[in-house]
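Take a look at the model below and trace the chain from one end to the other. The paragraphs that follow walk through it step by step.

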Amino acid sequence: ADGLKRATGELSDQSRLSSRAVDSVAAALTQIRDGAESQRVATLQILEATQVFREGASETTRRAEAMRSTVDALRQKSTELEREIGRFRE
């Protein structure tokens with residue numbers, strides 16, 4: 001009878017240890033899941049910020065090209081005006 005009590009007690013102890021180990025693994029998995037979710041959210045935020053930056057860079061490029069075209073047109077008009085003024089000086 002003592003042997004049976006001891007075996008039952010050991011089995012109960014083993015069961016408690018196993019339960020604690022399962023709880024510990026479950027807690028670790030929850031932390032991993034939460035960490036992965038945080039990384040996913042951060043990745044989405046980075047992608048969104050990158051898209052905003054890309055759009056801003058595209059708009060800046062478009063404006064720079066428009067400004068360059070305007071400057072080229074003004075340069076051409078200035079050259080033509082200088083030629084016309086030169087005619088009056090002659």
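**One turn along the helix**

Glu 37 and Arg 40 are three residues apart in helix H1, so about one helical turn separates them. The two form a salt bridge, and their closest N and O atoms are 2.7 Å apart. This is a predicted model. Glu 37 is partly exposed, because its relative accessibility is 38%. Arg 40 is partly exposed too, with a relative accessible area of 43%.

Now step back to the whole chain. How many helices and strands does the protein have? It has one helix and zero strands. Helix H1 covers residues 2–89. The protein has 90 residues, and buried residues make up 0% of them. Buried here means under 20% relative accessible area, and exposed means over 50%. Values in between count as partly exposed. Keep those cut-offs in mind for the residues below.

Next comes the overall shape. Along its principal axes, the C-alpha trace spans about 130 × 10 × 5 Å. Compare the protein with a compact globule. A globule of 90 residues would have a radius of gyration near 12 Å, but this protein has 39 Å.

Take Gly 35, which lies in helix H1. Gly 35 and Gly 3 are 32 residues apart along the chain, and their C-alpha atoms are separated by 47 Å. Lys 5 also sits in helix H1. From Lys 5 to Leu 29 there are 24 residues in sequence and 36 Å in space, C-alpha to C-alpha. Thr 70 is another residue in helix H1. Thr 70 and Asp 34 are 36 residues apart in sequence, and their C-alpha atoms lie 54 Å apart in space.

How open are these residues? Gly 35 has a relative accessible area of 31%, so Gly 35 is partly exposed. Thr 70 is partly exposed as well, because its relative accessibility is 45%. Is Lys 5 buried or exposed? Lys 5 counts as exposed, because its relative accessibility is 64%.

Which residues make a nonpolar surface patch of about 300 Å²? They are Val 25, Leu 29 and Ile 32. Ile 32 is found in helix H1. With a relative accessible area of 57%, Ile 32 is exposed.

Charges come next. The protein carries 15 positive and 15 negative charges.

Some charged side chains pair up. How many salt bridges does a search of the whole structure find? The search finds seven salt bridges. Another joins the side chains of Arg 33 and Asp 34, at 2.9 Å from N to O. Arg 33 has a relative accessible area of 53%, so Arg 33 is exposed. Asp 34 has 37%, so Asp 34 is partly exposed.

The side chains of Glu 59 and Arg 62 meet in a salt bridge, at 2.5 Å from N to O. Why are Glu 59 and Arg 62 separated by about one helical turn? They are separated by about one turn because they are three residues apart in helix H1. Glu 59 counts as partly exposed, because its relative accessibility is 29%. Arg 62 is partly exposed at 47%. There is a third partner here. Glu 59, Arg 62 and Arg 63 are linked in a network of salt bridges.

The protein has one helix and zero strands. Its C-alpha trace spans about 130 × 10 × 5 Å. Buried residues make up 0% of the chain.

Notes
Residues are numbered from 1 along each chain as its sequence is written. This is a predicted model: local features need pLDDT of at least 70, side-chain atom pairs count only at pLDDT 80 or more; totals for chains, interfaces and linings use all residues. Side-chain values use heavy atoms; hydrogens and water are left out. Helices (H or I, at least four residues) and strands (E, at least two) are DSSP runs, numbered from the N terminus. Buried means under 20% relative accessible area, exposed over 50%, partly exposed in between (1.4 Å probe, protein chains only). The radius of gyration is taken over C-alpha atoms; the globule rule is 2.2 Å times the number of residues to the power 0.38. Lys and Arg count as positive and Asp and Glu as negative; His and the chain ends are not counted. The place of a charge is taken as NZ of Lys, CZ of Arg, CG of Asp or CD of Glu. Patches are made of residues with over 30% relative accessible area and no salt bridge: like charges are joined within 9 Å, nonpolar side chains (Val, Leu, Ile, Met, Phe, Trp, Tyr) within 5 Å. Accessible areas come from the Shrake-Rupley method with a 1.4 Å probe; for residues, only the protein chains shown count as cover. A salt bridge is a side-chain nitrogen of Lys or Arg within 4 Å of a carboxyl oxygen of Asp or Glu.
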